[in-house]
Amino acid sequence: MTKNNKLYPSVFKMLTNFTKEVGTYLVNGAPNVTLDDYKDRLETCLECPSLKRDAMRCLTCGCKVEHKAKWKTTSCPESKWKAQDEKE
C-alpha cells in the first residue's frame, strides 16, 4: 500500500503494459526523446499523485518512469504527456 492508498496494477497487467511499450519502442528503432523533453516528462511524473516515488513507478500502468519517460513511443497513461511522432 502506498501513501495515497493506491496499489500497483496486477503483475499480469504490468507485464502486458511493459511488453506492449517495449515492443512498440523496438519496432520503431528504439527512439528516445531529447534530454529537455525527458526532464519535462519526469517533472510531470514527479508532480503526479499516481507516482510511487520510492520506486519511481507509475501506479496507473506499473512502469518505471525513468524508462518510460525516455522512450519517444510511449505516452502517460493519465494523458499528461504524449508519444512523439518520429518525424518531429
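Predicted model: local features only at pLDDT ≥ 70, side-chain atom pairs only at ≥ 80, totals over all residues.
Biologist: Why is Cys45 called buried?

Modeller: Its relative accessibility is 10%. Buried means under 20% relative accessible area, and therefore Cys45 counts as buried.

Biologist: What makes Cys76 buried or exposed?

Modeller: The relative accessible area of Cys76 is 11%. The limit for a buried residue is under 20%, so Cys76 is buried.

Biologist: How do you know that Cys45 is in no disulfide?

Modeller: A disulfide is a covalent bond between the sulfur atoms of two cysteines. Here, the pair must lie within 2.5 Å. A search of the whole structure finds 0 disulfides. For Cys45, the nearest cysteine sulfur is that of Cys76, and it is 6.1 Å away.

Biologist: How many cavities of 30 Å³ or more does the search find?

Modeller: Rolling a probe the size of a water molecule over the atoms shows where empty space is left. The search of the whole structure finds 1 cavity of 30 Å³ or more, and the largest cavity has a volume of about 120 Å³. Of its 13 lining residues, the closest to the centre are Cys45, Cys58, Val65, Cys76 and Pro77.

Biologist: Which helices each supply at least two residues of that lining, and what classes of residue does the lining hold?

Modeller: The helices are α2 (35-46) and α3 (65-68). By class, the lining of the largest cavity has 8 nonpolar, 2 polar and 3 charged residues.

Biologist: Which residues have the most contacts inside the largest nonpolar core?

Modeller: They are Tyr38, Leu42, Val65, Ala69 and Trp81, in a core of 13 residues. Helix α2 gives the most to this core, with 3 residues. Leaving aside residues up to four places away in sequence, Trp81 touches Arg41, Thr44, Cys45, Lys68, Ala69, Thr74, Ser75 and Cys76.

Biologist: What makes a space a pocket and not a cavity?

Modeller: A probe of 1.4 Å fits in a cavity but cannot get out, whereas a pocket is an open set of points with protein on both sides. In the largest pocket lies about 160 Å³ of space.

Biologist: Which helix gives the most to the lining of the largest pocket?

Modeller: Helix α1 (residues 11-27) does, with 5 residues. The residues of this lining include Lys13, Asn17, Lys68 and Pro77, and the lining divides into 3 nonpolar, 4 polar and 4 charged residues.

How values were computed. Residues numbered from 1 in each chain as written. Heavy atoms only, no water. 1 Å grid on protein atoms, 1.4 Å probe; cavity = no way out; pocket = protein on both sides within 12 Å on 5 of 7 lines; lining within 4 Å. Points joined across faces, edges and corners; volume = space filled by probe spheres on them. Helix = DSSP H or I, 4+ residues; strand = E, 2+ residues; numbered from the N terminus. Nonpolar A, V, L, I, M, F, W, Y, C, P; charged D, E, K, R; others polar. Buried < 20%, exposed > 50% of the residue type's maximum accessible area, 1.4 Å probe, protein only. Core = buried A, V, L, I, M, F, W, Y, C linked by side-chain atoms within 4.5 Å. Contact = heavy atoms within 4.5 Å.
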